[in-house]
Every structure is written in C-alpha cells, then in structure tokens.
Amino acid sequence: MAAQLIDGKAIAREVRAEVKREVAEWVAEGHEAPGLATVLVGDDPASALYVGNKQKASAEVGIQGFDHRLPQDAGHDEVEGILRDLAADPRVSGILLQLPTPPQVDGAGLAAQIPPGKDVDGLTPLSAGLLAQGRRGLRPCTPSGIMELLRRHDVPIQGAEAVVVGRSDLVGRPVSALLLAANATVTVCHSKTRDLGEVCRRADILVAAVGRPGLVKGDWIKPGATVIDVGINRVEKPGGGTRLVGDVAFDEAQGVAGLITPVPGGVGPMTIACLLQNTLTAARRQVETARSAIE
Ligand code: NAD
C-alpha cells in the first residue's frame with residue numbers, strides 16, 4: 001500500500017492561521033503586536049527574495065515588520081550598531097541577520113551576538129546550547145517544522161527509534177536534540193557512518209537532511225516507517241529543464257513507508273510558518289520577563 005503523504009503546505013497554512021489568530025488575541029489583550037526585524041546587507045537577489053518572503057508572511061499574520069536594507073559597502077560597525085539598536089528596541093521581538101554578508105562584515109560573528117530571547121532563527125551558539133541542555137529557548141525553524149509535522153500526524157515519538165541522516169547545525173543536530181527531548185531513541189548518521197542502509201532500517205522515524213538526491217533507497221526503510229525528507233536538490237529532467245527532488249528515492253520509498261513528506265511541499269513550507277510561531281513566542285516571553293523583573 002502506498003504511504004500516506006504528509007502535506008506540509010496544508011499544515012503550514014494551518015500554523016500560519018493559528019499564529020494570525022493568536023497575534024490578534026494578543027493585541028486585543030492590549031499588547032503591542034510582535035515585531036520581526038530583518039537586516040539585509042547588499043543586493044544579492046536570492047537573499048532579497050528570502051527576506052521579502054519572511055516580511056510578507058509576517059505582515060499576513062499581523063506581525064510588525066522592521067525591514068533594514070543596507071548597501072553592499074556597508075561597514076561592519078554600522079551593521080553592528082543596527083543590531084544593537086534592534087536588541088534594545090522593545091517593539092522588536094525577533095531579529096534575523098540574512099547571511100551571507102559581504103566580506104567586510106563578519107556576519108556569523110554578528111549573528112552570534114543576537115540575544116537568545118530575540119534569536120527567532122534559533123541558530124546562535126547560545127540557543128543551540130539551551131536546546132542541547134533541554135532548557136527553554138527559541139528552536140531552529142526547520143527542525144521545529146519537522147516536529148510539528150510529526151505531532152499533527154500523531155506519529156508516536158516517545159520510545160520510537162529515530163534515525164537522523166545529517167548532522168548540520170541548521171537541521172541534523174537540532175532535530176536530533178528535539179527528537180531526544182521528545183523521548184525518542186535517536187541515532188545520528190553522517191558521511192562517515194558505516195553501513196548507512198542498515199542503520200536507517202532500524203528507524204520508526206527517519207529524517208534525511210543531507211542534500212544528496214535519492215540517497216535514501218526504498219530498501220533502507222522499515223515497512224510502515226515515517227519518512228521526513230528535508231533535502232532540496234535541483235536535478236536535470238530527462239527532457240530538459242530542472243526539477244526539485246529530496247534526499248529520499250521517493251517512488252521506491254512510497255511503497256514501503258507508512259507516512260512520507262513529498263519534495264517540494266513537505267518540510268519546506270514549514271520553515272517560515274515556524275519563524276512566525278517563534279516571533280510570537282519571543283514577544284510573549286519578553287513581556288513575561290519584563291513583568292517578572294517588575295514584580
Ligand atoms: P549540510 O551540507 O550543512 O549538511 C549535510 C550533512 O549530511 C552533513 O552533516 C554530512 O555529514 C551529511 N552527509 C553528507 N553526505 C552524506 C552521505 N553520503 N551519507 C550520510 N550523510 C552524509 O546541509 P543542511 O544545511 O543540513 O541541508 C541538508 C539538505 O536540507 C539540503 O538539501 C538543504 O537544501 C535542505 N534544507 C531544507 C530546508 C527546508 O526545507 N526549509 C532547510 C534547510 C536545509
């Protein structure tokens with residue numbers, strides 16, 4: 001029997017609608033709307049598109065936008081000054097510095113200084129440390145999106161064997177930590193893992209976050225397993241042109257898995273939806289922290 005598809009587009013739409021409703025309730029309670037600040041240095045069209053999409057999605061759910069665009073030759077100190085002001089601005093709940101930055105700006109160094117309470121990407125070393133220790137913090141968006149897909153399909157996580165292929169700071173490591181926090185038994189695989197297929201076959205939940213088209217074969221999948229394909233790979237089509245495929249050999253996998261995410265339309269749409277969730281969470285926690293400082 002063919003696996004059931006996990007419709008990330010539909011679930012992302014649901015999440016956005018929930019955030020929109022919760023933002024409206026938050027504002028109705030008398031709070032300032034959450035605010036998302038984006039900082040883009042330079043004129044890379046792909047980066048401008050990403051930032052534009054994030055601001056557009058924020059506006060659609062009632063999140064205020066603070067869209068800072070600096071020229072290609074902006075200095076490191078100038079960017080640092082803007083980030084410092086945003087960190088101190090109570091209207092700003094979340095801050096994103098779009099990477100990469102031009103060479104004169106140490107983008108990674110500056111991003112690492114975003115305070116954890118406003119780190120809505122959840123990728124700074126401090127946020128990663130909070131996650132690793134299971135302490136409260138903002139979680140990276142794509143891994144949170146994966147957990148949301150599992151939860152909304154009632155996939156049992158506690159006690160399940162979860163195998164994550166890939167150990168990047170962006171996806172593999174944080175999703176492993178989230179699965180562990182949800183009481184799965186987690187195995188993390190990488191480019192040096194011996195007999196990857198054998199390890200994958202143990203998985204009740206298999207997450208592939210590698211960036212290699214079709215790496216995970218159908219016979220690596222335990223019958224009935226849940227397969228989450230994070231990979232986004234552009235490949236040539238036989239008749240010319242290109243198309244997007246994941247890290248899982250989808251046609252083979254679909255005959256074995258119980259649940260599977262398609263590419264595109266699986267994990268992809270969840271990332272921005274979870275960024276919006278994080279921005280609302282950050283706003284709530286900032287008000288909570290300010291209140292407990294007064295009491
Ligand atoms: P990365 O290149 O930073 O990390 C890849 C990981 O895969 C590494 O840990 C490496 O050890 C492992 N790996 C490489 N070759 C392997 C092999 N042959 N066998 C086993 N493991 C191997 O990549 P990333 O940033 O984690 O992204 C992974 C994929 O997910 C990419 O296709 C990327 O485009 C996609 N992605 C999608 C989203 C989204 O859907 N929103 C977000 C982030 C990344």
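This is a predicted model: local features need pLDDT of at least 70, side-chain atom pairs count only at pLDDT 80 or more; totals for chains, interfaces and linings use all residues.

Visitor: Okay, how much space lies in the largest pocket?

Guide: The space in the largest pocket comes to about 1300 Å³. It is lined by 39 residues, and those closest to its centre are Lys54, Asp121, Thr142, Leu170 and Thr271.

Visitor: And which elements give two or more residues to that lining?

Guide: Those elements are α2 (45-60), β4 (94-97), α4 (107-111), α6 and α10 (270-294). The largest share comes from α2, which gives four residues to the lining.

Visitor: By class, what is the lining made of?

Guide: Sorted by class, the lining of the largest pocket holds 25 nonpolar residues, along with 10 polar and four charged ones.

Visitor: Switching to the ligand, which residues come nearest?

Guide: There are 22 residues around the ligand, and the nearest of them are Arg167, Ser168, Arg212, Ile232 and Thr271. Thr271 was also named among the residues closest to the centre of the largest pocket.

Visitor: How far is a polar backbone atom of arginine 167 from an oxygen atom of the ligand?

Guide: For arginine 167 that distance is 2.8 Å. Isoleucine 232 likewise has a polar backbone atom 3.0 Å from an oxygen atom of the ligand, and for serine 191 a backbone N or O atom lies 3.3 Å from a ligand oxygen.

Visitor: New topic: which residues of α7 are buried?

Guide: Helix α7 spans residues 172-181, and its buried residues are Gly172, Pro174, Val175, Ser176, Leu178 and Leu179. Among the elements that cover these buried residues are the helices α5 (125-132) and α6 (141-152), together with the strands β5 (161-165), β6 (185-189) and β7 (205-208).

Visitor: What comes just after α7?

Guide: Just past the helix, asparagine 183 adopts a positive phi of about 70°.

Visitor: Last one, then: is isoleucine 228 buried or exposed, and where does it sit?

Guide: Isoleucine 228 belongs to strand β8, residues 226-229. This residue counts as buried because its relative accessibility is 0%, and the cut-off for buried is under 20%.

Visitor: So what is isoleucine 228 in contact with?

Guide: If we leave aside neighbours within four places in sequence, isoleucine 228 is in contact with Ile6, Ile146, Leu150, Leu206, Val207, Ala208, Thr261 and Val267.

How values were computed:
Residues are numbered from 1 along each chain as its sequence is written. Side-chain values use heavy atoms; hydrogens and water are left out. Buried means under 20% relative accessible area, exposed over 50%, partly exposed in between (1.4 Å probe, protein chains only). Contact means heavy atoms within 4.5 Å. On a 1 Å grid over the protein atoms alone, a cavity is a set of points where a 1.4 Å probe fits but cannot get out, and a pocket is an open set with protein on both sides within 12 Å along at least five of seven lines; lining residues have an atom within 4 Å of a point. Grid points are joined across faces, edges and corners, and a volume is the space filled by probe spheres set on the points. Ala, Val, Leu, Ile, Met, Phe, Trp, Tyr, Cys and Pro count as nonpolar, Asp, Glu, Lys and Arg as charged, and the others, Gly among them, as polar. A residue is near a molecule or strand if one of its heavy atoms lies within 4 Å of it. A polar contact is a pair of N or O atoms within 3.5 Å; within protein, one must be able to donate a hydrogen and the other to accept it, and residues adjacent in sequence count only if both atoms are side-chain atoms.
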